[in-house]
Amino acid sequence: MADPKMDPTWLAPLRGEFDSDYMAALRQFLVAEKAAGKQIFPHSSNWFRALELTALPDVRVVILGQDPYHGPGQAHGLCFSVRPGVKPPPSLVNIYKELHTDCGIEPPAHGFLESWAQQGVLLLNSVLTVVSGQAASHRDRGWEKFTDAVIRLLAARPEPIVFMLWGSYAQKKAGFVPSIERGGHHLVLKAPHPSPLSAYNGWFGSRHFSQANAFLERNGRGTIDWALPARVE
């Protein structure tokens with residue numbers, strides 16, 4: 001089997017995952033889903049898009065999502081991001097609102113976050129595929145084990161990384177990361193999920209974006225330009 005489409009820096013440390021029994025079972029499951037005529041999002045060329053755009057040594061910030069968007073034309077392999085021309089979903093709208101309050105950045109008309117990924121923001125979903133119109137349809141099939149391995153690699157990096165954990169799911173998944181509070185060297189920022197169901201319980205006012213940049217700058221890792229291009233194609 002050809003190597004997955006991702007930056008080469010991820011391939012060697014993740015080789016054992018791709019050779020594992022759980023990954024073989026996951027492949028069989030996905031083949032069966034396609035054979036059954038189910039439409040899977042995102043397209044297979046974008047399953048590892050987050051790891052394609054952001055090399056392992058370049059990761060400065062990690063944002064964890066859960067599942068890809070399950071609407072037509074939305075998902076393209078980056079959590080919270082949608083393709084150009086697709087209306088930003090409610091959670092992303094709330095992310096933009098907090099970004100404006102925190103950093104004074106005006107929200108763009110699109111929801112395409114690739115410019116963040118290109119700066120070292122790993123936009124990683126826990127589960128990397130979903131069936132059209134069926135939220136959480138590919139949970140507990142093996143993707144979580146793979147993305148756990150990705151987080152373990154990042155947690156073991158010597159360079160300080162900011163982990164933005166929004167909601168209880170993300171906070172539990174990355175609970176083992178050695179944070180500053182636990183004697184480690186990574187900054188772990190926690191807040192409720194930006195979904196409209198929980199955003200008013202502490203997401204608004206969390207100021208994660210400015211905190212991340214302050215930490216990165218203190219540790220000699222530069223800053224993220226959170227301002228997105230006004231137009232994308």
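Me: Hi! Where is His 76 found?
Reply: His 76 is in the loop between strand S2 (61-65) and helix H4 (90-103). Helices (H or I, at least four residues) and strands (E, at least two) are DSSP runs, numbered from the N terminus. This is a predicted model, where local features need pLDDT of at least 70 and side-chain atom pairs count only at pLDDT 80 or more, while totals for chains, interfaces and linings use all residues. Residues are numbered from 1 along each chain as its sequence is written, and side-chain values use heavy atoms, with hydrogens and water left out.

Me: Thanks! Is His 76 buried or exposed?
Reply: Buried, with a relative accessible area of 3%. Buried means under 20% relative accessible area, exposed over 50% and partly exposed in between, using a 1.4 Å probe and protein chains only.

Me: And what does His 76 touch?
Reply: Leaving out residues up to four places away in sequence, its contacts (heavy atoms within 4.5 Å) include Pro 42, Arg 49, Phe 112 and Glu 114. Ser 81 is also one of them.

Me: Switching topic: what is the strand order in the sheet?
Reply: The order is S3-S2-S5-S6, in an open sheet of 4 strands with parallel pairing. Two strands pair if DSSP finds at least two bridges between them. Strand S3 (121-125) and strand S6 (187-191) stand at the edges with a single partner strand each, so one side of each has no neighbour in the sheet.

Me: How many bridges join S2 to S5?
Reply: 3 bridges join S2 to strand S5 (residues 162-166).

Me: Why is S5 called largely enclosed?
Reply: Because 5 of the 5 residues of S5 are buried, S5 is largely enclosed by the rest of the structure. Val 162, Met 164 and Trp 166 point one way, while Phe 163 and Leu 165 point the other way. In general, side chains in a regular strand alternate between the two faces of the sheet.

Me: Nice. Which residues of H6 are buried?
Reply: Among them are Trp 143, Phe 146, Val 150, Ile 151 and Leu 154.

Me: Last one: which residues in H1 meet H6?
Reply: Trp 10, Pro 13, Leu 14, Glu 17 and Phe 18 in H1 do, and their partners in H6 include Phe 146, Ala 149 and Leu 153.
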